[in-house]
Amino acid sequence: MLSPDFTPAPFVLLALSTWLVWCLWSFFRPRDQHSLRSVAIVVLGDIGRSPRMMYHAESFAQHDFYTDVICYGGSRPIPSLTRANLDIRYLPEPPRWLTALPFLLSAPCKVALQVFAVFLKLFATPNPPEFILVQNPPSIPTLAIVWLVAHMRGSKVIIDWHNLGYSILAMRFPKQGERHPLVRVAKWFERTFGRSAYAHLFVTRAMRDHLVKEWDLQGVKVVLHDRPPKRFHRTTPQGIHELFIKLNESLSREPSLKGFLTTSEPPYSSAFTASNASPSDPHLSNTPPPPSSAINPIYSEVDAPFLRDDRPALVVSSTSWTADEDFGILLDALTKYEARARTTRKLPKLLVVVTGKGPLREHYMATVASLQKKQKWQHVRCISLWLEPADYPVLLGGADLGVCLHASSSGLDLPMKVVDMFGCELPVCALRFGCLDELVKEGVNGLVFDDADQLAEQMETLLGGFPQCPRLDSLRANLTPTSDVARSPPHAPEEVWEPWDDHWARVVRPIILRDVRANEG
Ligand SMILES: *[C@@H]1O[C@H](CO)[C@@H](O)[C@H](O)[C@H]1NC(C)=O
């Protein structure tokens, strides 16, 4: 029954809801009060292990942008990120018990936590940033959060497409792949929230062409290839000498290297280098021995070290030890090389150094160790090394050959480690996939293989006669910054091979400094 009495309830309700709507409106209404030249960079991963995002942050900060990096911690970021106009805001790690749950349970919980954490951080700044740069993948939940926040605060979104999130997810379901319902949802999500942005940056031309065609992306679209930072370059014999003196301890701990490397007398010689000065040199023998850790000024007194002819060829591969890199190919190839080296005199000993951390490391290193022992390998050793970040380019720049086993989930991205290797003027043998030819030009800066047999053959042809290897030298010559290949004018700005800073300034700066038209394409 309706009461005939007057009640204030509807009026109160009306007033309340009007107030609520007003609040919501003022919260969500688009604004234009962002501080110019500011950027928030969102990375749902360990920033120290996301080189491209660190380089982005550095470049924005160098261009006087007030830069906020919102990310997870873990490893130490590169030192150049310590700047007055750059802040790193760490997201809280998801609790441990979450990772113990099965993926289908843990993933949604993790995402919910991330939504909450990223929101808080993005709203923590009093003024909205002019730009929000977000890395994709992961797409869920970042793309939606960034999309929403940008709508609410009037920031412009730049999506940095490293790969396709759903294609990585599809690898978790090998049976159904892209037909798995979860993968379909992920694809819908990525497409919906990734479709329109102020600008899209792509790691390859192939990815740009694919997404523009399939998803009809809106906004400025430019290819920004990975490029090595300036500090990546070829290592001098002096640098190689210092590195191996420093690595003496970790190399001595490897049981498999006993008797494989020539003995040396640090600091006068290492397994790879020697100098004319010897410990019996009266001038040097009076100096106290240097502490083993620090690079000591005494090395400058060690007469110009040179590479010794009896050194093994140094092959470097860096891997994240995940299922999408078949390390077995390299092991097979090394087994074949060992067999060949026993019958051919001209093949050198190989020291294969594998860098990187990851889930399958223990498994593969145990396999290597047992292979080496069972088959009594004499010519090949494969070890995994942990290097300080600053030593990584020194090792690459001092190596003879790089090996890349990257196979992409989408076929549309490129291995950054090869970019690093090329920056250090190190030719590579790389596993063939999708758009590799945007980076590795066969016979010019490296060779491309399809299987272990080919890789073994390529190592033989390139390293036969070591240390005199004309084919390897000609590949390397094409990687020097002054080579004809490097200087010949490329067709498009994105093709130019130059250090990251210069490349970023060429490709990205015009977009963020409002000169948009010049870059449309
Ligand atoms: C490490 O140093 C010792 C001498 O201190 C030397 O005998 C050994 O050969 C060195 N090992 C390597 C791998 O350089």
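A polar contact is taken here as a pair of N or O atoms within 3.5 Å; within protein, one atom must be able to donate a hydrogen and the other to accept it, and residues adjacent in sequence count only if both atoms are side-chain atoms. The model is predicted, so local features need pLDDT of at least 70 and side-chain atom pairs count only at pLDDT 80 or more, while totals for chains, interfaces and linings use all residues. Residues are numbered from 1 along each chain as its sequence is written, and side-chain values use heavy atoms, with hydrogens and water left out.

Glu130 belongs to strand S4 (residues 129-136); strands (E, at least two residues) and helices (H or I, at least four) are DSSP runs numbered from the N terminus. With a relative accessible area of 3%, Glu130 is buried, where buried means under 20%, exposed over 50% and partly exposed in between (1.4 Å probe, protein chains only).

Arg308 sits in the loop between strand S9 (306-307) and S10, and its relative accessibility of 14% makes it buried too. The side chain of Arg308 has two partners to look at here: a polar atom of it lies 2.8 Å from the backbone oxygen of Ser270, and the side chain of Asp310 is in polar contact with it at 2.9 Å. Ser318 lies in S10 itself (residues 313-318) and counts as buried at 10%. Between Ser318 and Leu396 there are 9.8 Å from C-alpha to C-alpha, although the two stand 78 residues apart in sequence.

Turning to the strands, S6 (residues 196-202) and S7 (residues 218-223) pair in the parallel sense over five bridges; pairing requires that DSSP finds at least two bridges between the strands. Within this pair, His200 stands opposite Lys221 in S7. Together with helix H8 (residues 205-215), S6 and S7 make a right-handed β-α-β unit, that is, with the strands pointing away from the viewer, the path from the first strand over the helix to the second runs clockwise.

The ligand, finally, is surrounded by Asn248, Leu251, Ser252, Leu261, Thr263, Ser264 and Pro266, each with a heavy atom within 4 Å of it. A side-chain N or O atom of Asn248 is 2.4 Å from an oxygen atom of the ligand, and a backbone N or O atom of Ser264 lies 3.1 Å from a ligand oxygen.
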